Amino acid sequence: MWSAATSLSERPCGSLIQGTLPVGCAQCTEGAKMVLFVTGLCSFHCFYCPVSDEKMYKDVVFADEKRVESDADVLEEARAIRAKGAGITGGDPLEAVDRTAHYIRLLKREFGSQFHTHLYTMSTDPEKIRTLAAAGLDEIRFHVPPGLWSHPQALGFPAAVRLSKELGMTVGLEVPLIPEREADLVTLIEWAESEGLAFVNLDEMEYSDANFARMKVRGYEVKHELAYGVKGADQVALRLLDRPWKTTVHYCTSGYKDAWQLRTRIKRRAENVARPWDVITEDGTLVKGVIEGDGLDDLLRDLAKRHRVPRKLMGLDAARRRIEIAPWILEEIAPQLGRPSYVVEEYPTADGLEVERVRLP
């Protein structure tokens, strides 16, 4: 158990905090922070990077799960989750600094100056930092490479954090919690305090499909079979946060990101994008009836005329070549249709990832 003098507080899914939660993190807790992946380009090759092969070192843009082809895609996704802010990530957003600045201006112009933006970077380039500040970035989180934790004065980080503060941005650090580097993390947090930084976020290091081999060869193990986080991180986090820090220290678990942050954002999106025929589950997924195949326009008319299905309880999804219909109605009429019919559960995200499909008689 921790000391009461440290004012350590528990957060969902094993996360911990000592101090005041950063604004960007608070919005994530609400599910109100859009994740804007502005590029997969990055000058570093961190073994723990969890970015998928679809994005890593590729110059692509995603707003949450939506592949971005235009500004309209970004704004559409922000509206779909009723976003209060955007967390800008990569790769390294400063590898595409002009694009990043453009999106900050776009979002502020569309949703107002109170729309909160934060980003993660390993860059200390002063001109790029000035570009972000001029665009209106609210919060910058420096990702100091692990090799510098024991001497964070290197590679221009002191000058970068001081410049960012002078330009009016909230400044913090965000790094993975590597269990065997506990002493170096203490040094890093001490340096953050000496610079007057607002917070240090410690992310539980986690396995992903992309980094699995790199993590495995270094001897890391998952903490239990239903988790992605590495063994030992929780114990180190507890010791680190059981110190009387002056700056906020926040430990964010992989379970929190998956079971809370993602779930909350998905539920928020579901409430906004669900059609009258969709059933929203407790997890925020959508359950709907689906009829696939050819001749869907004729079938839609037949469903309305012969089966008396209300128009508001069904619709044509031309892109996916299917009719969507209230599942409780399809369960009744499926035996009469003579064609494959399903009750489908899927995420309300842009990619519509399917969770389960049950074929009806």
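P126, I129 and R130 of helix 4 touch A160, L163 and S164 of helix 5. Sorted by class, this contact of helix 4 with helix 5 holds four nonpolar residues, one polar and one charged. The model you are looking at is predicted.

How do the two helices lie? Helix 4 spans residues 126-135, and helix 5 spans residues 157-166. Their axes are 10 Å apart and meet at an angle of about 25°. Angles under 35 degrees count as roughly parallel, so helix 4 and helix 5 are roughly parallel to each other. The crossing of helix 4 past helix 5 is right-handed.

Now turn to another pair. Helix 1 covers residues 23-30, and helix 9 covers residues 254-273. These two pack with their axes 7 Å apart, at an angle of about 65°. That angle makes helix 1 roughly perpendicular to helix 9. Helix 1 brings C25, C28, T29 and E30 to the contact. Helix 9 brings Y256, W260, Q261, T264 and R268. By class, the residues in this contact of helix 1 with helix 9 are four nonpolar, three polar and two charged.

Two of those names, C25 and C28, are cysteines. A disulfide is a covalent bond between the sulfur atoms of two cysteines. How many disulfides does this model have? The count is zero. Take C25 as an example. The cut-off for a disulfide is 2.5 Å between the sulfur atoms. C25 is also buried, because its relative accessible area is 8%, and buried means under 20%.

Is C13 buried, exposed or partly exposed? C13 has a relative accessible area of 38%, so C13 is partly exposed.

Finally, look at the backbone in two loops. Most residues other than glycine have a negative phi. Y57 is not a glycine, yet its phi is positive, at about 60°. Y57 sits in the loop between strand 3 (33-39) and strand 4 (62-63). With a relative accessible area of 36%, Y57 is partly exposed.

L155 also has a positive phi of about 60°, and L155 is not a glycine. Where is L155 found? L155 lies in the loop between strand 8 (139-142) and helix 5. L155 is exposed, because its relative accessible area is 55%, and exposed means over 50%.

Terms used
Residues are numbered from 1 along each chain as its sequence is written. This is a predicted model: local features need pLDDT of at least 70, side-chain atom pairs count only at pLDDT 80 or more; totals for chains, interfaces and linings use all residues. Side-chain values use heavy atoms; hydrogens and water are left out. Axes are lines fitted to C-alpha atoms, for helices over the stretch in contact, and angles run from 0 to 180 degrees between N-to-C directions. Helices (H or I, at least four residues) and strands (E, at least two) are DSSP runs, numbered from the N terminus. Angles under 35 degrees count as roughly parallel, over 145 as roughly antiparallel, 65 to 115 as roughly perpendicular and the rest as oblique. Contact means heavy atoms within 4.5 Å. Ala, Val, Leu, Ile, Met, Phe, Trp, Tyr, Cys and Pro count as nonpolar, Asp, Glu, Lys and Arg as charged, and the others, Gly among them, as polar. Buried means under 20% relative accessible area, exposed over 50%, partly exposed in between (1.4 Å probe, protein chains only). A crossing is left-handed if the near helix is turned anticlockwise from the far one by less than a right angle, and right-handed if clockwise.
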